[in-house]
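Q: Please take a close look at the salt bridges in this model and walk me through them with care. I would like to see which residues pair up and how accessible they are.

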Amino acid sequence: MLFPCRPERHERVVTLAGDAVTLVMQSCSAGGETYSLAWAAVGRPDRVTAALEALRVAASGNIGAAPGRPAPRAIPGATPNGAAAQVRLEGRLPDGRPAIEHVVWFVHGLRVYQAAVVSELVVPDAVVDTFLGAIRLVPSTSR
């Protein structure tokens with residue numbers, strides 16, 4: 001994943017679809033936008049889709065947005081999942097400022113991912129496409 005700025009790493013325990021998981025997030029801000037990638041290992045294959053859906057609900061709720069209309073999104077190297085999608089949300093940040101969020105959810109094995117670009121202003125499609133379109137999952141190598 002290529003960020004347009006140097007991301008900081010954060011971790012916290014959250015509940016996704018009824019299970020406590022460690023959510024890891026890398027995020028940074030540049031040019032008035034915040035870029036982030038978050039992921040969590042859900043532990044069981046039968047929890048993956050529910051965890052993706054929980055991330056989607058949380059993203060909407062974080063900015064008080066209507067759920068939006070998710071569009072299917074294929075990420076190179078991702079594990080196929082019917083809940084993998086992309087959506088544009090409009091809402092407000094906790095301090096009342098407007099927020100526009102472009103979000104992609106996807107899966108790799110037992111990990112669920114959420115990548116996002118958030119801004120107060122409309123972000124040009126080229127900026128969103130550059131960040132979200134650069135997501136590639138590659139197999140890990142063992143030595």
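A: In this predicted model, R88 and E90 are joined by a salt bridge whose closest N and O atoms lie 2.4 Å apart. R88 is partly exposed, because its relative accessible area is 38%, and that value falls between the 20% below which a residue counts as buried and the 50% above which a residue counts as exposed.

A second salt bridge brings together the side chains of E120 and R97, with 2.5 Å from N to O. This pair connects distant parts of the chain, since E120 sits in the loop between β7 and α2 (125–133) while R97 sits in the loop between β5 and β6, 23 residues apart. E120 is partly exposed at a relative accessible area of 35%, and R97, with 38% relative accessibility, also counts as partly exposed.

Another salt bridge is formed by the side chains of R47 and D19, at 2.9 Å from N to O. Here too distant parts of the chain are linked: R47 belongs to the loop between β3 and α1, D19 belongs to strand β2, and 28 residues separate them. R47 has 18% relative accessibility and therefore counts as buried, whereas D19, with a relative accessible area of 23%, is partly exposed.

Terms used:
Residues numbered from 1 in each chain as written. Predicted model: local features only at pLDDT ≥ 70, side-chain atom pairs only at ≥ 80, totals over all residues. Heavy atoms only, no water. Salt bridge = Lys/Arg side-chain N within 4 Å of Asp/Glu carboxyl O. Helix = DSSP H or I, 4+ residues; strand = E, 2+ residues; numbered from the N terminus. Buried < 20%, exposed > 50% of the residue type's maximum accessible area, 1.4 Å probe, protein only.
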